[in-house]
Amino acid sequence: MEKNESFTNMPDERGHFGPYGGIFVAETLMGALQELRQAYEKYLVDPVFLAELDADLQHYVGRPSPIYHAERLSRENGGAQIYLKREDLNHTGAHKVNNTIGQALLAKRMGKTRIIAETGAGQHGVATATVAARLGLECVVYMGEVDVARQEANVYRMRLLGTGVRSVCSGCRTLKDALNEAMRDWVATVDNTFYIIGTVAGPHPYPAMVRDFQTIIGREARQQIQDMTGSLPDALVACVGGGSNAIGLFHPFLDDKEVAIYGVEAAGEGLETGHHAAPLCAGDPGVLHGNRTYLMEDSDGQIIETHSISAGLDYPGVGPEHAWLKDMGRANYVAIDDQEALAAFHLLTRTEGIIPALESSHAVAYALQLAAGMRPDQKVLVNLSGRGDKDMHTVAAIEGIQI
Amino acid sequence: MSRISACFADLKNRGRTALLPFITAGDPHPDLTVGFMHDLVEAGADIIELGVPFSDPMADGPVIQRASERALKHHVSLRDVFGMVEAFRRTNEQTPVILMGYLNPIEVMGYEEFARSAAQAGVDGALTVDVPPEESHDLVQALRAEALDAVFLAAPTSHRQRLEMIADAASGFVYYVSLKGVTGSANLVLDEVAAKLKEIREVTDMPLGVGFGIKDAQMAAAMAKIADAVVVGSALVSRIEANISKPDKIGAELKQLLQEMRTAMDAN
């Protein structure tokens with residue numbers, strides 16, 4: 001790549017981010033992906049579609065979400081000033097809805113009457129069920145049996161919204177298996193069904209399309225922080241499971257070379273234990289779920305089980321654009337373990353009165369470490385991708401409390 | 001001429017449609033697979049499709065996923081699968097063997113190493129389910145360098161331009177996926193498959209196999225009238241699954257089902 005070339009013109013026309021991304025699916029899905037690609041390319045430059053999307057983001061989701069100077073947290077921590085992009089204030093409590101609204105509107109334009117999705121923690125499932133209810137679309141969400149058991153409240157939420165939740169009992173019975181099952185549904189139902197993928201992974205055009213729906217985060221934040229402070233931040237921090245909230249924040253800043261970028265993976269019980277969900281930090285490139293990217297895999301190429309306190313980061317792959325940004329050296333990928341994330345969860349809650357999702361707590365934890373080594377006149381912007389209400393049971397259980 | 005092409009040429013001379021059974025290597029135990037392969041040949045298999053177990057078989061149904069899970073309990077790797085083919089070849093030099101699986105185990109091994117080891121073991125071709133023609137260039141080059149056939153899928157949704165890409169990339173034969181869950185009578189499905197096969201024949205002279213959803217002898221016989229090869233997978237794997245507790249019986253069960261299909265097909 002030339003020195004002056006932009007980081008924002010990926011993927012290429014075949015959906016590749018350098019060696020990553022692409023379309024690795026069975027022939028049975030190629031027709032559906034082509035139809036989706038055509039619709040995506042058509043409507044993402046269509047002013048009428050974009051106006052409808054903007055109106056929904058404003059009046060239904062509650063955008064723009066504010067940025068907030070976490071003064072007390074910054075003071076207690078010492079070092080750089082920490083700013084939070086408040087995606088936790090969105091309708092349904094996380095950034096996920098930015099994407100599900102976009103894809104559901106696209107589904108309507110394509111004449112699809114049925115929506116399917118996969119979900120791990122249930123946040124993407126709830127965000128999908130929500131927009132399906134709003135648009136009057138039939139909705140089925142696939143969820144691993146293990147996740148159904150540990151995320152009861154979200155399962156009930158989806159059912160209240162009129163969505164059918166299908167428990168998946170194959171494989172590890174978690175997110176990756178739910179994704180496999182959703183793909184199988186799609187193969188048999190492509191005529192009337194739209195598959196809403198919740199992260200920036202999967203076959204092209206999903207990584208690019210989900211990113212485009214999520215960059216509203218970074219576009220807003222880039223303007224807001226300049227309005228508030230007069231300049232760009234010194235660093236961006238966001239957690240990375242599949243990586244949709246992170247790419248949404250990072251992408252509009254990629255060509256601001258003076259802004260350092262940090263993606264935070266889940267180190268689980270510690271990278272050295274092997275029990276983690278950090279493919280960028282400790283995995284190898286491979287092919288899974290339709291794209292080439294960094295994966296958690298064994299020496300035979302089998303996908304291995306991941307571990308994280310946060311169900312939303314519990315995924316063995318990662319979006320291909322992150323894989324490319326890592327190799328290009330434009331973004332740094334680091335890892336935060338369960339204990340560090342929990343400590344940040346408590347600290348933010350007590351100093352600012354903001355209860356973050358456990359996913360976002362990973363980003364907060366790394367931002368604290370980073371800021372501590374910086375000057376007080378410097379700024380770290382953290383994507384607070386979701387609120388922690390959904391994690392009450394998990395955190396309480398760790399403290400031995402039954403709620 | 002590859003062993004696969006020679007096989008199809010020979011069958012054509014004899015007016016016979018190829019029967020391609022699929023089983024997953026290592027299901028339910030790695031020690032049983034080679035024996036099953038010989039059983040299948042005895043029962044009338046012309047080509048054997050051997051599944052390479054993968055943790056995330058996205059394009060397969062639950063029956064074949066469970067077969068993968070059973071094999072992976074014994075940590076069956078790509079190298080183990082090569083070992084099984086090598087053992088099979090000690091007493092069978094003529095029946096072509098195709099590996100069917102997903103890209104990641106091959107990606108981790110390396111394309112050249114995969115092709116070299118497969119050829120050495122006596123493998124004749126590979127069908128990598130999650131590699132469409134668009135992403136196949138390097139893999140196909142590696143396979144061709146070792147004179148292995150690259151088998152590709154075609155689907156009801158593959159339009160003319162895609163069929164041409166598939167025909168360009170493929171060798172040996174083209175595997176047409178007759179989608180599961182299609183409503184209507186068996187005849188209607190058959191007519192649709194026949195129409196699509198005709199379309200595929202406009203872009204290639206390669207033999208055409210039909211698979212996915214062929215459950216019994218009647219269906220196999222019907223497909224044999226319009227295709228050059230009939231692939232049967234889940235129906236066989238279900239027999240394996242049903243007899244997990246009596247592994248001695250599995251070979252006979254597989255033979256029985258395949259013989260029924262063979263007889264019905266040959267009566268056409």
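Is B:Asp46 buried or exposed? B:Asp46 is buried, with a relative accessible area of 10%; buried means under 20% relative accessible area, exposed over 50%, and partly exposed in between (1.4 Å probe, protein chains only). This is a predicted model, in which local features need pLDDT of at least 70 and side-chain atom pairs count only at pLDDT 80 or more, while totals for chains, interfaces and linings use all residues. Residues are numbered from 1 along each chain as its sequence is written, chains are lettered from A and ligands numbered from 1 in the order in which they are written, and side-chain values use heavy atoms, with hydrogens and water left out.

**The nonpolar cores**

- The largest nonpolar core has 94 residues; such a core is a set of buried Ala, Val, Leu, Ile, Met, Phe, Trp, Tyr and Cys residues joined through side-chain atoms within 4.5 Å.
- Helix 1 of chain A (residues 27-43) gives the most to this core, with eight residues. Helices (H or I, at least four residues) and strands (E, at least two) are DSSP runs, numbered from the N terminus.
- The residues with the most contacts inside the largest core are A:Leu106, A:Trp186, A:Tyr195, A:Leu249, A:Phe250 and A:Leu381.
- Leaving aside neighbours within four places in sequence, A:Trp186 is in contact with several residues, among them A:Leu29, A:Ala32, A:Leu33 and A:Tyr206. Contact here means heavy atoms within 4.5 Å.
- A second, separate core of 73 residues includes B:Leu50, B:Ala142, B:Ala154 and B:Ile166.
- As background, nonpolar side chains in soluble globular proteins tend to be buried together.

**Where chain A meets chain B**

- Here 33 residues of chain A are in contact with 38 residues of chain B.
- The two chains, A and B, bury about 2,800 Å² between them, 50% of it on carbon and sulfur atoms. Buried area is the accessible area (1.4 Å probe) that two parts lose on being put together, summed over both.
- A:Glu27, A:Arg184 and A:Gln302 supply 24% of the area that chain A buries against chain B, more than any other three residues.
- Three salt bridges are found across this interface; a salt bridge is a side-chain nitrogen of Lys or Arg within 4 Å of a carboxyl oxygen of Asp or Glu.
- In the salt bridge between B:Arg162 and A:Glu27, the closest N and O atoms are 2.8 Å apart.
- Helix 8 of chain A gives the largest share of the side of chain A that touches chain B, with six residues.
- That side of chain A has 11 nonpolar, 14 polar and eight charged residues. In this sorting, Ala, Val, Leu, Ile, Met, Phe, Trp, Tyr, Cys and Pro count as nonpolar, Asp, Glu, Lys and Arg as charged, and the others, Gly among them, as polar.

**Salt bridges within the chains**

- The whole structure has 41 salt bridges over all chains.
- B:Arg3 pairs with B:Asp124, with the closest N and O atoms 2.7 Å apart. B:Arg3 lies in helix 1 of chain B (residues 3-13) and B:Asp124 in the loop between helix 6 (111-121) and strand 4 (125-128), so the pair ties together parts that are 121 residues apart in sequence.
- B:Asp124 is buried, at 7% relative accessible area, whereas B:Arg3 is partly exposed, at 27%.
- B:Arg262 forms a salt bridge with B:Asp46, with 2.8 Å between the closest N and O atoms. B:Arg262 is in helix 12 of chain B (residues 247-266) and B:Asp46 in the loop between helix 2 (33-42) and strand 2 (48-51), so this pair links parts that are 216 residues apart in sequence.
- B:Arg262 is buried too, with a relative accessible area of 6%.
- A:Arg63, A:Lys85, A:Glu87 and A:Glu220 are linked in a network of salt bridges.

**Two lysines of chain A**

- A:Lys326 is found in helix 13 of chain A (residues 320-328) and counts as partly exposed, at 29% relative accessibility.
- The side chain of A:Lys326 reaches the backbone oxygen of A:Leu280 at 2.9 Å.
- A:Lys390 sits in the loop between strand 14 (379-384) and helix 16 (392-398) of chain A and counts as buried, at 15% relative accessibility.
- A polar contact of 2.7 Å joins the side chains of A:Lys390 and A:Glu359. A polar contact is a pair of N or O atoms within 3.5 Å; within protein, one must be able to donate a hydrogen and the other to accept it, and residues adjacent in sequence count only if both atoms are side-chain atoms.
- Another polar contact, of 2.8 Å, joins the side chains of A:Lys390 and A:Asp391.
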